[in-house]
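This report describes a single protein chain for a reader who is new to structural models. Please examine the sequence and the structure below before reading on.

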Amino acid sequence: MGNTSSMLTQYDIEEVQQHCNNAFSQQEILSLYDRFCQLDRNGGGFISAEEFLSVPEFARLLRMLDGLNFKEFVAFLSAFSPRATLQHKIEFIFKVYDSDGNGKVTFNDMLDVLHDLTGQFISEQPREQVLTQVLEEAGYTKESLLVMSDFVKILGSSGLKMEVEVPVD
Amino acid sequence: MSGIEGKLSSSSSELDLDRPNIEDYLPSGSSIHEPRGKLRLRDLLDISPTLTEAAGAIVDDSFTRCFKSNPPEPWNWNVYLFPLWCFGVAIRYLVLFPVRVIVLTIGWILFLSSVIPVHFLLKGHDKLREKMERFLVELLCSFFVASWTGVVKYHGPRPSMRPKQVFVANHTSMIDFIILEQMTPFAVIMQKHPGWVGLIQSTILESVGCIWFNRSEAKDREIVAKKLRDHIQGVDNNPLLIFPEGTCVNNQYSVMFKKGAFELGCTVCPIAIKYNKIFVDAFWNSRKQSFTMHLLQLMTSWAVVCDVWYLEPQNLKPGETPIEFAERVRDIISVRAGLKKVPWDGYLKYSRPSPKHTERKQQSFAESVLRRLEEK
């Protein structure tokens, strides 16, 4: 009886809001909850990467969603809220690159992402050459390990637009 | 520094008879903006457009929405309405349901006791036999519709029996076929189902001239396409009914129409079906319930209310491709039935999407990277 959002109490919503630094309004959190329940097919309270077979979009981001519960799901998506700071968005992009999570982005990490974006349309050698050339022009080398502050320096002035609207019925 | 040769290889073209070119359907605004100027590190590191698109799909994807059952909001959670509702449940399950089962049983008995003799006794007189079998199937469908108290309003001119025409309709449940069949003896093309439904398909529906396919068999498509063409040419065959969505959708959205029905070189007559959710949601969510459960749900509700519109027959316009024709007809049906159009292929419900979509994006990004690298 009633719709699924009645399973969330006001306390739950406020807790989630806090966890994501108020990036989303209460209405948006309710919509995200409906969506989370839809994605959580087996009702275990967390999403697993296989459940995304039905969403025909990108793999790299979806892998990061593996095993998240609802609170973490909302915190993850908070980088896409219009209320999120530029710093937060750049941090998110950094985390996408830093696959082993050690706070340092290597040449290979960047190569992997470039590979995802260009697929078979640039082969391995040219891909490495492109990345090396562009890195050197920016003052880095193939062996450089980029950290968060480097990303802020590179992306900070670019007018980064990374926003998603949560549909609120 | 020597120039870097762009090793661009084009993606292998798959012989995709049925998969529409998805790029033709996506709104043009969704493509990544075209940057200019020399390639910089930040252009490679800035994956925000890609991430935004992916996050957009995570937050809300128009594909899963098509197959979500949206039952009407319950109104009974209230002190004085609740007992009334309980009383209603009692009537529906203890009075209406048994009566309906009896009606349906009578219908089956009448049908079987007539169709078997007709089938064998009139072996030599094929025309008469077919006419009687058609009538009996129509009768059986009427009994079915009565068994869930179907209140169906038909609008528009009734279909005529002419060769070189095909009927298309949006698809919500297998009862679509029954509702249409009680008015006109259509021949239909359907997925072969297991169980008792399959039994009915192979015996009774054979008499109205139905065509079977198997979604999972790729080679099947050519065989089926040929059968379709042969059927339409025949003067005496029943008009063919096709559900071009290829799968059941929840009656609020429409997914892309497969072009198969639109490249047969004949007139296409659209039919729009819209169910009123006032008493029951007629969407058959085949992933959630079997057809038997679905029928039981319908038989224990007050009524199934729906509107059927027979729309103006359409022909392929000069210079129009079959895909454009399919989209135009989908537009006509969606507007009439109040459905929102989404650019997805219904078969994605059963299998992974074709990699062509991602490949196209990769190709355009790769080309842009290599081009901008050369700029000074």
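The text that follows moves from the whole chain to one residue.

The structure is a predicted model, in which local features need pLDDT of at least 70, side-chain atom pairs count only at pLDDT 80 or more, and totals for chains, interfaces and linings use all residues. Residues are numbered from 1 along each chain as its sequence is written, chains are lettered from A and ligands numbered from 1 in the order in which they are written, and side-chain values use heavy atoms, without hydrogens and water.

The predictor's confidence in each residue is given as pLDDT, from 0 to 100. Residues 1-6 of chain A stay under 50. Where pLDDT is low, the predicted coordinates should not be read in detail.

Helices (H or I, at least four residues) and strands (E, at least two) are DSSP runs, numbered from the N terminus. Buried means under 20% relative accessible area, with a 1.4 Å probe and protein chains only.

| Property of chain A | Value |
|---|---|
| Average pLDDT | 82 |
| Residues with pLDDT of at least 70 | 88% |
| Helices | eight |
| Strands | two |
| Buried share of the 169 residues | 47% |

A:Ser81 lies in the loop between helix H4 (70-77) and helix H5 (86-97) of chain A. Is A:Ser81 buried or exposed? A:Ser81 counts as buried because its relative accessibility is 0%. Its side chain reaches the backbone oxygen of A:Ala23 at 2.6 Å. Beyond its neighbours within four places in sequence, A:Ser81 is in contact (heavy atoms within 4.5 Å) with A:Ala23, A:Phe24, A:Lys89 and A:Glu163.

Technical notes
Buried < 20%, exposed > 50% of the residue type's maximum accessible area, 1.4 Å probe, protein only. Polar contact = N/O pair within 3.5 Å; in protein donor to acceptor, adjacent residues only side chain to side chain.
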